[in-house]
Each structure stands twice: as C-alpha cells, then as structure tokens.
Amino acid sequence: MALSSMQKLLLIGNVSERNTLIKKLHKLGCVEVASLPEIENMSTTDIYQDIDECKVKIAKLEFCLQTLKDTKVTAKKLAKDKKIEYAPAKGAGMFATKGVMTFETFEQLCEIETDVFTHINTIKEYKDELVALKASNQKETSLIASLAPYMQMPATFAKYKDTQSVSVLLGEVKNTNLTSLERIKELGGEYEVFNAEATSGLAIIIGKENREALQEVLSEVEFAPCSIESDKTAEEIARESKDRVEENDKRYNEIIEKIMAFESIIDDVKRLYDYLSLEVAKLESRNSTKVTESTYYLEAWLPESEAQRVNDELEKCPLSLAFTIRNPLESEQPPTLAVNNAIVAPYESVTNMYSVPFYKEIDPNPGVAFFFFLMFGMMLSDAGYGLLLTLGAGIVLAIRKPPKGELNLVKVIFMGGISTLIWGFLFGSYFGFSAKDLGIWYWFNPIEDPMPLLVVCLAVGLIQMFVGMAINMVALIKKGEWMWGISSAFSWYFLALGIGGIYLASKAGAWLKYMGIVLLAIGVVLLMLSGTFGKKGAKKVSGAFSSLYGIINFFSDLMSYTRIFGLGLATGVIAMVFNQIAEIMYGMLPKVLGVIVMIVIYLVGHIFNVAINSLGAYVHNSRLQFVEYFGKFYTGGGELFAPLGSQMKYYRIGNPVENEKK
C-alpha cells in the first residue's frame, strides 16, 4: 500500500504515424502523455481549432442530456395530471456504475455521430419552441392580469377617446382611493367605476379646460392610465388570450412528448460524449508532442509495474519508432498514482478531496482509512444504526459490484457501518435503547457516564497526532534530516509521557513524578532543538523559543477531537428522545392508534437521526483528517495520474461480459 513508482517513456517516430501511436497508448490504458518544453528545431502542431470543435460537440451532448433530464421531470408531472401519456424509460438508478464496452466498439462510435447530432438539432428546435411558448404564455398571463380592472367595462377600449371639447381618461385606481373621486365632479367632470377586487377600472370625462386641474386629483388617487388600445372589450380580449394559452399548453404538452421520445438515444449520447472527451484528450496529447517535418517526439508517464508490458507492446508494434523507458530525473515531477487494497482504496477519494499526495511523499491513505473508519463509528456509536448502514450499503455493493474507483462513498459508508456496529456494541446502544435495559453486555454507557468516552476520544486523537508526527519523522529521515525528524517527533512523545507520569504519580508513587519531570524536560529541550533546524544565526535562538508556542497549538488540536465526543453523545440522546416521544404517544392514544403512531415516530425519527448524523460524521471526520492529521506531515499538491482513457465519464473499456455477470 503505497504510491506507485513512475517511469517515463521517451519516444520518437514518423510524424505520419503519430495518431496511430496515440491510439495504441490509449488501448494500453496506462500511459499519460506529458507536456514538453520548447525544443530547438522542433515545433508544436497547432490543433486548437480541432480541440475547440470537439468541445463544442461535447457542449451539445451535455445540452441534450440536461434537456432530457429536465424535461423528464415535467413529463412525469404532466403524466400524473393525465395531460400526456408517458412511460419513463428505465434508468441506471441512483447507484449506477460505468457501463462497459470493448475497445473495438469504442473505436466505431464515430459512425453514430451524424445521427446523434441530427437528433440533438431536432431536440434543440423543440426546446426553442418550448421557450417561445413559455414566453408567449407569460405575455398572455400578464395581459389577462392587466385586464382585471376592466372586465366589467361594457364598451370597447377604442370608445374611450378624446373629442374636440372633452377629455376622456381610462385607467385604474386602488379600491382604497375610490372615496376621493368625488372631487372630479367638483371640477365639472363625470366618472364611472368598473369594480374589481383590489384595483378597479375608472373612466373619466371632463372638459378640456379643466384637464390640467384634474391632474392634482389623479395624483392623489394614484391613477394609472390604461395602455391597452383595442376595438374589443376587456372580456373579449381576455377570452381570446385564454384560448391562446390553452392552445400553447396543448402544443407544449405535445412537444414534451416528442422530446421524451428521444430517451432512447441517451445511451448513444453518453457513449459519444465519452468518445469525444477522449478525442479531446488525444488531441491535447498530440499537441503536447514536438514535431519536425518528418518526425515527432513524445514523452509520457507510466507506472513502473506497467513498464514491461508497454515495452513489449511497443517492441512488437509495426510502427516506425524508437523509444526508451527510464526512471524520473530529480528535476521532474511525475503524477501520483496510489496503489492500495480494496479496503484502503475507497478512502483515496477522501484524501484527494483535500489534495492529491505529492509523488515522493509517504502515502497517507492507509492512515486515513484506519482513523476515518475508527472515528466514524465513534461519532454514531449505535449498533442499530451501524446495522442499517452496513445492510443498506452492503446491498447496493452486492447488486452493483462496483469496480475499483467507483461508488467510493457507498464503500466508505459500508465500512463506517461496521465500525458503528462495533462501537455501538461496546457502548451498549441499540436504536437508542440501553444494553443495560436489554440485559446485554456493554463496556460503558456514554449517556450515563460520559467521561470515559471523552478520554477515549482524546486518546484516539492523541494516537492519530502521534502517528502523523511519526510519518513526518520518517519523511525527514529519508531526506537526510534525521536529527530534525527525531527531535520534532520525540519531543512530543517525551512531553506526553512526562505529563502522564506527573498525573499518575499520586497513584504509583513519587518516583513516577520525578521521572515525569525528567521526561518533560527532555521533551522541552528536543522541542526547542527542532525549532532551530533550517535557520541561521540569531534566528536559531528565536526559532528555539518560538517552537514552545507549538505546545498551545498541540493542545488546541487535541481539543478538536472532542467533536467525536459531542457527535457520539448527540446521536444517542436524539435516539433516546425519539424513543421517549414514541412511548408517550403510545400511552396517550388508544391501543391500535398508539401502536401505529409509535411505529411511525420510530421509523421517521431514527431514519432522520441516522441520516443527519451520518452526514455529520462524514464531514467532521474529514475535517479531523484534513486539519489535525494532515497538518502534522502532509505535503499534498500532487497531480493525479490520468492515463488516456481515464477521461471517460459514463463508460469504461473492458469486457461487456462483466456487466452480464452483474
């Protein structure tokens, strides 16, 4: 379990055969083409236009998949309301794994490109029409809303026009301002109100000589002029508008059905998506090579374990080329490939979420796997919940049989469920019920006696921090900084032993107190010594004393592990509260109804508790790995090894029989 040693392939060949060679590397599935610096008398092939064209096609494929996904939601709703007929196509499901196809099938996917994009163009036309229909309906809906104040108006809008001697005004006012309209009559005008709910229509007739004086009254009543011009009444316009909305809705539903008829091309779209994504990777690989008029030069990374296979394949390759495979130079930075067993590998996703390991550092994943597993169970600490997580995730894994690198989260939850089951048994908690009440053995109950749990949490945290320091010590020794490595790690070990000796002296005798003081003094000296490394002159002295400040940081980091304690108690208390609520409701209600309500509370309460606290355990557990653990030794900042073929999102190259076995 470690980071794989990498080697570099250096290859030169006939430029006319470059594309064939890159296809060969893709088929090998273990080679990542590296970018090259400028080389004298060699140039880079300008193929950015081809790359951009492929990316445009990929964007269209993404548009198609997203449109079908969004439209599916609408189609289900319309089918539920019996407005359309729609039978959803069977999908891969929530926990889907990548499909499998042969390399030969993959190479032939270019043949379906024309048909797929023809379908996508049709989908886009339908999508554009849907957008237009939505816009039209919004316009009609706004028009109908604006007609509301005038629905009681008997005449057409065209009737309300000025004559030579009078001004005619048509608009709307809030109903709360209708009492102020009497002033219009004082100015010699007349008005008519078309009553509506919140805002009513208002028609005013007044002599033109009083038009200016009327303006003050209109401002007070917040009169809003009508902008509608038509030779029809409001009722006629509204009826026509509603008819257009109905026609639009009918056409909208028809288009939804037409779009969903394209669900059958989803698999082809996903295959073509992967094909074009890999085409981009191949083009970028071509772009990474250097060429002359007749030759090309290529460099690529590959795992040491694959070097012999690559060597054999290239030697029997009929292409005109010469190559060598060598170890990385000191100045080169190879990509990172972690090689771990099936238990540790899922936790690589946790580490990579923070940062990919640096190529030359010690693989942090085994430590992350052990402590993440340990702490996850402590944070949930209920055997019943552990059983639920183990069974749930186990069933998914048994059905899907995911290969390495897929469904990592489900695998982590499965192992977390096992840890929770173990800790729940030790703490005597079964869906919030105490082992003491059930007559089952348990170590101790954190709800009744929380202090032992706090001690265990801090002990686990202390061990993890010490392991991180030990890894840092090994890394420094490998660099030749053995004195720095030993002093930086053992200073904390002696400090911890010294403090522990002084604390236990009252039970073991005075000799332990003196030994603790000696160990404490050695720890302080080593800590100050570790602060001098890498510094010169007066900075050595300041570094020695400033390193003592690290004691505060050390205890601050240690206290962070109390979050395990808090989450562990919270899970148990919440479970117990739901149980008590269920029992109270059972006692208050008639027997049959009480049983039903009690079962519902049990189910809803415990499902909620296990879900929310599993999320909390994952998040807080990750935080402890990233900050407290990685902070002691981890460098990170590496580049994940990405061989040609790893760019595929929905499928992978392999033997289709693998899927049949599933």
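Trainee: What gives the most to the lining of the second largest pocket?

Mentor: α2 does, with eight residues. Bear in mind that this is a predicted model, where local features need pLDDT of at least 70, side-chain atom pairs count only at pLDDT 80 or more, and totals for chains, interfaces and linings use all residues. Residues are numbered from 1 along each chain as its sequence is written, and side-chain values use heavy atoms, leaving out hydrogens and water.

Trainee: What makes a residue part of the lining of a pocket?

Mentor: A lining residue has an atom within 4 Å of a pocket point; a pocket is an open set of points on a 1 Å grid over the protein atoms alone, where a 1.4 Å probe fits, with protein on both sides within 12 Å along at least five of seven lines. For the second largest pocket, 31 residues line it. G91, A92, G93, A96 and K270 lie nearest its centre.

Trainee: What is the volume of the largest pocket?

Mentor: About 1,400 Å³. A volume is the space filled by probe spheres set on the points. The lining of the largest pocket has 41 residues. L337, K404, G405, P643 and S646 lie nearest its centre. Two or more residues come from each of α1 (18-28), β12 (338-339), α10 (348-354), α13 (408-427) and β15 (651-653). The largest share, four residues, is from α13. By class, this lining has 22 nonpolar, 11 polar and eight charged residues.

Trainee: Why are α20 and α21 called roughly antiparallel?

Mentor: Look at the angle. The axes of α20 (residues 562-588) and α21 (residues 591-629) cross at roughly 170° and come within 8 Å. Axes are lines fitted to C-alpha atoms over the stretch in contact, and angles run from 0 to 180 degrees between N-to-C directions. Under 35 degrees is roughly parallel, over 145 roughly antiparallel, 65 to 115 roughly perpendicular, and the rest oblique. The helices α20 and α21 are therefore roughly antiparallel. Their contact has 16 nonpolar, nine polar and four charged residues.

Trainee: How do you know that E107 forms a salt bridge with K282?

Mentor: The closest N and O atoms are 3.6 Å apart. A salt bridge needs a side-chain nitrogen of Lys or Arg within 4 Å of a carboxyl oxygen of Asp or Glu. This pair qualifies as a salt bridge. E107 is in helix α3 (residues 103-107) and K282 in helix α8, so the pair ties together parts 175 residues apart in sequence.

Trainee: What makes E129 and R251 a linked pair?

Mentor: Their side chains meet in a salt bridge, 2.8 Å from N to O. E129 lies in helix α4 (residues 113-147) and R251 in helix α7 (residues 234-260), so the pair ties together parts 122 residues apart in sequence. E129 has 26% relative accessibility and counts as partly exposed. R251 is also partly exposed, at 26%.

Trainee: How many salt bridges does a search of the whole structure find?

Mentor: It finds 25. One of them joins the side chains of K174 and E222, at 3.7 Å from N to O. K174 is in strand β5 (residues 166-174) and E222 in the loop between α6 (211-220) and β8 (224-225), 48 residues apart. K174 is partly exposed, at 45% relative accessibility. Salt bridges with shared partners also join K8, E299, R326 and E332 into one network.

Trainee: Why is K82 called exposed?

Mentor: Its relative accessibility is 77%, so K82 counts as exposed. K82 sits in the loop between α2 and β4. K82 is not a glycine, although its phi is positive, about 60°.

Trainee: What is the phi of K401?

Mentor: About 45°, positive although K401 is not a glycine. K401 lies in the loop between α12 and α13. With a relative accessible area of 46%, K401 is partly exposed.

Notes: Nonpolar A, V, L, I, M, F, W, Y, C, P; charged D, E, K, R; others polar. Buried < 20%, exposed > 50% of the residue type's maximum accessible area, 1.4 Å probe, protein only.
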